[in-house]
Amino acid sequence: MPPTPAALDVAAAVERALTLVADPPPTGRAVLGIAGSPGSGKSTLARRVVAAVTEAHGPGVAVQVPMDGFHLANTALAALGRSDRKGAIDTFDAAGYVALVRRLVAADEDVTWAPDFDRRVDEPVAGSIAVPRAVRLVVTEGNYLLDRDEPWALLPGLLTETWFCRTDDAVRIDRLVGRHMRDGRDHAAARAWATEVDGANARRIEPTADRADLVVTT
Ligand SMILES: Nc1ncnc2c1ncn2[C@@H]1O[C@H](COP(=O)(O)OP(=O)(O)OP(=O)(O)O)[C@@H](O)[C@H]1O
Ligand SMILES: [Mg+2]
């Protein structure tokens, strides 16, 4: 059995990220991966880390790169018959994401362009996020960074450090319902998606916490 990862609160995790910037790998760049269930606060935590690094070192030192940029397009999901479980592990371009992480770790391109996910149109958009060579911390975050299946399983070996974001389940589901309603669903549909579709994904993601270097409680 691997040892249970140590748990940190958000302030301590931010301090930890600042040490990665101060003492990066030989490439000059650390790539931090944040995993966690839907709505656990991964994107929010990543934004806080980037903001703290920016405050300490100025702009252009840290960049957030979401795994969500590798959502398959809605046309591809429809062709595959997977539109009803968007967000499940087989609705992402896993190999494409692992390839991007390799390039971000190598830090040998003038600029590496990453895709983003545009919630307004509910689609990934290629070439959205610039990661210039000088970036010293990339914070990449998403559901399946610690999954046991290939090619996801390659990620912990590539990333400088991995964190698992943990939030009380009732709080997490309430936040998801709120967000799904802001995205245009009524309350019943928002709750059903949060507990059924997101819930199935959470049951796959939660047991991957023991593969993280640290658990961050948010
Ligand atoms: N510490 C916090 N306190 C209060 N609300 C929070 C906190 N962290 C996140 N939230 C809210 O919870 C919701 C989910 O957070 P966030 O988008 O960061 O999660 P996520 O893990 O990235 O979700 P997803 O898997 O869907 O991308 C958002 O509406 C966000 O504003
Ligand atoms: Mg997110």
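Select Arg 179 and ligand 1: a polar side-chain atom of Arg 179 lies 2.5 Å from an oxygen atom of the ligand. This is a polar contact, meaning a pair of N or O atoms within 3.5 Å; within protein, one must be able to donate a hydrogen and the other to accept it, and residues adjacent in sequence count only if both atoms are side-chain atoms. The model is predicted: local features need pLDDT of at least 70, side-chain atom pairs count only at pLDDT 80 or more, and totals for chains, interfaces and linings use all residues. Residues are numbered from 1 along each chain as its sequence is written, chains are lettered from A and ligands numbered from 1 in the order in which they are written, and side-chain values use heavy atoms, with hydrogens and water left out.

The side chain of Arg 175 has an N or O atom 3.5 Å from a nitrogen atom of ligand 1. For Arg 182, the corresponding side-chain N or O atom is 3.2 Å from an oxygen atom of ligand 1. The protein covers 69% of the 630 Å² of accessible area that ligand 1 has on its own (Shrake-Rupley method, 1.4 Å probe).

Now show the whole shell, taking residues with a heavy atom within 4 Å of the ligand. There are 14 residues around ligand 1, with Lys 42, Ser 43, Thr 44, Arg 175 and Arg 179 the closest. Helices α2 (42-57) and α6 (169-182) are the elements that give two or more residues to this shell (helices are DSSP runs of H or I, at least four residues; strands are runs of E, at least two; both numbered from the N terminus).

Next, select Asn 201, in helix α7 (residues 187-205). Is Asn 201 buried or exposed? Asn 201 is buried, at 8% relative accessible area (buried is under 20%, exposed over 50%, partly exposed in between; 1.4 Å probe, protein chains only). A polar atom of the Asn 201 side chain lies 3.3 Å from the backbone oxygen of Val 197.

The last stops concern the backbone. Most residues other than glycine have a negative phi, and most peptide bonds are trans. Glu 150 and Pro 151 are joined by a cis peptide bond, with omega about 0°; Pro 151 is in the loop between β6 (137-141) and α5 (155-158).

Move to Ala 107, in the loop between α4 (94-106) and β4 (111-118). Ala 107 has a positive phi of about 50° and counts as buried at 10% relative accessibility. Finish at Asp 122, in the loop between β4 and β5 (123-132). Phi of Asp 122 is positive, near 60°, and Asp 122 is partly exposed at 34% relative accessibility.
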